[in-house]
Amino acid sequence: MELRHLRHFVALAEERSFTQAAARELIVQSGLSTSIRALEKEVGALLFVRGTRPVRLTAEGTALLPAARHTLDAAQAAQQAVQDAHGVLAGRLRIGALQTSGHTLPFSSWLAEFALAHPRVDISVQQLPALQMLDLVADGRLDCALVSLIEDRAPGLEVVPLLAEPVVLIVARDHPLASAKSVTLGDLAGERFVEPPAQWAIRVVVDDAFRAAGITRRVACEVNEWTMVLDLVAAGVGVTLAPTGFDLARVAAAVRLVPLTGVELVRRIDLVLPQGHAASPAARRFSEYVTAWQAA
């Protein structure tokens, strides 16, 4: 069983498209098909259901996928062990990240420093909802992720705490609540909200708080980019509950921040990665960069 066949199999299982998997592996589609057939012959079973779009795994393919990922990770670790003898970090780093646009957390600086220090590491970054990224780290499709963690949502993962940001109300400067010294959740009943999607950790925290208070709220506009949330609030489309870590200079003149009272809402930011030897060498090294920043 050749590693390249397993790598092609995992690519097709994850991309669910021969075109995208072939592009990812830098081969032609016919070469990918030949590789998959060779693997199927080796294991004695069909791994994909023929003629389906998107591509779908058979029961045998589903059973093989975790072992194939584990084998590829073990091969990478073996290669890295040799590289370590020469003091060189190589391989890949697949990292998930929350949207850091306009945020004071220096994720881009960490990434740039890491990339320059380790030019033989290929880096890919995916910006996805927090709950999805936790699942991807847990099953090995991401090496680590910078997430807004929710309590008890990271079983089996190592957690490197970074920040805990208070959540405040943000309103347009001409909103009736703009001059308030503080507000309760009850004061927000009947307001129109501009919110990130339901899979974002901050949305889970806020939804849970309103649910616990027995208050129904209206999400009038849902967008998956924080700068757009703030722009819409500044324009008067609605209000939002957001963490305080954003650089608000661009909209500072158009919005007001109002503290919450009666409830303490916090948005955590953590780096998560597999525990112990399950973590890739690149993920472990990246966590050292993050830890060094935290200690500074």
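The protein has nine helices and 11 strands, where helices (H or I, at least four residues) and strands (E, at least two) are DSSP runs, numbered from the N terminus. This is a predicted model, in which local features need pLDDT of at least 70 and side-chain atom pairs count only at pLDDT 80 or more, while totals for chains, interfaces and linings use all residues. Residues are numbered from 1 along each chain as its sequence is written, and side-chain values use heavy atoms, with hydrogens and water left out. Along the principal axes, the C-alpha atoms fill a box of roughly 70 × 45 × 30 Å. Of the 296 residues, 45% are buried; buried means under 20% relative accessible area, exposed over 50%, and partly exposed in between (1.4 Å probe, protein chains only).

**Exercise 1. Helix 1**

Solution: 

**Exercise 2. Salt bridges**

Task: Take the salt bridges of Glu25, Glu165 and Asp207, and locate the partners of each.

Solution: 
- A salt bridge is a side-chain nitrogen of Lys or Arg within 4 Å of a carboxyl oxygen of Asp or Glu. The count by this rule is 19.
- Glu25 bridges to Arg7, with the closest N and O atoms 2.7 Å apart. Glu25 is in helix 2 (residues 18-25) and Arg7 in helix 1, so the pair ties together parts that are 18 residues apart in sequence. Glu25 is buried at 14% relative accessibility, whereas Arg7 is partly exposed at 38%.
- Glu165 and Arg267 meet at 3.1 Å, N to O. Glu165 belongs to strand 6 and Arg267 to strand 11 (residues 266-274), so this pair ties together parts 102 residues apart in sequence. Glu165 counts as buried at 6% relative accessibility, and Arg267 counts as buried at 5%.
- Asp207 bridges to Arg217, with the closest N and O atoms 2.8 Å apart. The two are 10 residues apart, Asp207 in helix 7 and Arg217 in the loop between helix 7 and strand 8. Arg217 is buried, with a relative accessible area of 15%.
- Salt bridges that share partners join Arg7, Glu14, Glu15, Arg24, Glu25 and Arg69 into one network.

**Exercise 3. A buried charge without a salt bridge**

Task: Glu191 is buried yet has no salt bridge; which side chain does Glu191 contact through a polar contact?

Solution: 
- Glu191 sits in the loop between strand 6 (157-172) and strand 7.
- Lys and Arg count as positive and Asp and Glu as negative; His and the chain ends are not counted. The nearest side chain of opposite charge is Arg192, 7.7 Å away.
- A polar contact is a pair of N or O atoms within 3.5 Å; within protein, one must be able to donate a hydrogen and the other to accept it, and residues adjacent in sequence count only if both atoms are side-chain atoms. The side chain of Glu191 makes such a contact, of 3.0 Å, with the side chain of His175.

**Exercise 4. Strands 7 and 8**

Task: In which sense do strand 7 and strand 8 pair, and what is the hand of the crossover between them?

Solution: 
- Two strands pair if DSSP finds at least two bridges between them. Strand 7 (residues 192-195) and strand 8 (residues 218-222) have four bridges and are parallel.
- Glu195 has Glu222 in strand 8 as its bridge partner.
- From strand 7 the chain passes through helix 7 (residues 201-212) to strand 8, a right-handed β-α-β crossover. A crossover is right-handed if, with the strands pointing away from the viewer, the path from the first strand over the helix to the second runs clockwise.
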